[in-house]
Amino acid sequence: INDYGNHVIKIYTPTGQLVSQFGGQGSKQGQLGGPMGVAVNEEGHLFIAEYGNHRISVFTENGQFLRCFGSRGSGAGCFRSPCYLCISPDGLVYITDYNNDCIKVHDQDGRYIRQFGE
């Protein structure tokens, strides 16, 4: 579960017990800036849209930082406040780019594929 105000992701058991949390406010690798949407791929990796850091960060299910992609801007590979994301059956990551008024599509390694919308 994303905790936007505390800049962390919290992992709970099915019965509601907190197991762990990771992140923390900041823009360094492994830190989060306003985490919004979370999507999980087939390997269990968490893709997190960071509204405040204008990027997508990827972590293992145990909270180990793997990589991030994107930066502030409006061009290919850039975001202005990404909010939500999902991973399609073919493995592409669809990201709502709130302040660029579009949806951007990347592969899971962060390579820009295309965009649609305004």
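**Entry 1: strands 12 and 13**

I looked up strand 12 (residues 102-106) in this predicted model and found that it pairs with strand 13 in the antiparallel sense, over five bridges. At one end of the pairing, I noted Cys102, which stands opposite Gly117 in strand 13. I then located Val105, whose bridge partner in strand 13 is Arg114.

**Entry 2**

I next followed strand 11 (residues 93-97), which runs antiparallel to strand 12 and is joined to it by five bridges. I found Val93 opposite His106 of strand 12. These strands also form a hairpin, with four residues between them. The turn residue Asp101 has a positive phi of about 55 degrees.

**Entry 2: Val105 and the cover over strand 12**

Is Val105 buried or exposed? I found its relative accessible area to be 0%; Val105 is therefore buried, as the cut-off for that word is under 20%. Val105 has its place in strand 12. Leaving aside residues up to four places away in sequence, I listed its contacts as Leu92, Val93, Tyr94, Arg111, Tyr112, Ile113, Arg114 and Phe116. I also checked Ile87, which is 18 residues from Val105 along the chain; their C-alpha atoms are separated by 9.7 Å.

I then considered the whole strand. Four of the five residues of strand 12 are buried, so the strand is largely enclosed by the rest of the structure.

**Entry 3: Phe69**

I moved to Phe69, which lies in strand 7 (residues 65-69). Its relative accessibility is 6%, and Phe69 therefore counts as buried. Which residues does Phe69 touch, not counting those up to four places away in sequence? I recorded Arg55, Ile56, Val58, Phe79, Ile95, His106, Asp107 and Gly110. Gly110 is 41 residues from Phe69 along the chain, yet their C-alpha atoms are separated by 5.4 Å.

**Entry 4: salt bridges**

How many salt bridges does a search of the whole structure find? I noted five. As background, side chains of opposite charge can pair when their charged atoms come close.

- Arg55 forms a salt bridge with Glu50, with the closest N and O atoms 2.7 Å apart. Arg55 counts as buried because its relative accessibility is 7%. Glu50 is buried too, at 0%.
- Lys104 and Asp97 meet through their side chains in a salt bridge of 3.2 Å, N to O. Lys104 and Asp97 are both buried.
- Asp3 forms a salt bridge with Lys10, and their closest N and O atoms are 3.3 Å apart. Asp3 is buried, with a relative accessible area of 17%.

**Entry 5: the start of the chain**

Strand 1 (residues 2-3) pairs with strand 2 (residues 8-12) in the antiparallel sense, over two bridges. I found Asn2 opposite Ile9 of strand 2. Their hairpin has four residues between the strands, and His7 takes a positive phi near 60 degrees.

Strand 2 also pairs with strand 3 (residues 18-23), antiparallel and over five bridges. Here I noted Tyr12 opposite Leu18. This hairpin has five residues between the strands, and Gly16 takes a positive phi near 95 degrees.

Which residues make the nonpolar surface patch of about 310 Å²? I identified Ile1, Tyr12 and Leu18. Ile1 is found in the segment before strand 1. Its relative accessibility is 64%; Ile1 therefore counts as exposed, which requires over 50%.

Conventions: Residues are numbered from 1 along each chain as its sequence is written. This is a predicted model: local features need pLDDT of at least 70, side-chain atom pairs count only at pLDDT 80 or more; totals for chains, interfaces and linings use all residues. Side-chain values use heavy atoms; hydrogens and water are left out. Two strands pair if DSSP finds at least two bridges between them. Patches are made of residues with over 30% relative accessible area and no salt bridge: like charges are joined within 9 Å, nonpolar side chains (Val, Leu, Ile, Met, Phe, Trp, Tyr) within 5 Å. Accessible areas come from the Shrake-Rupley method with a 1.4 Å probe; for residues, only the protein chains shown count as cover. A salt bridge is a side-chain nitrogen of Lys or Arg within 4 Å of a carboxyl oxygen of Asp or Glu. Buried means under 20% relative accessible area, exposed over 50%, partly exposed in between (1.4 Å probe, protein chains only). Contact means heavy atoms within 4.5 Å.
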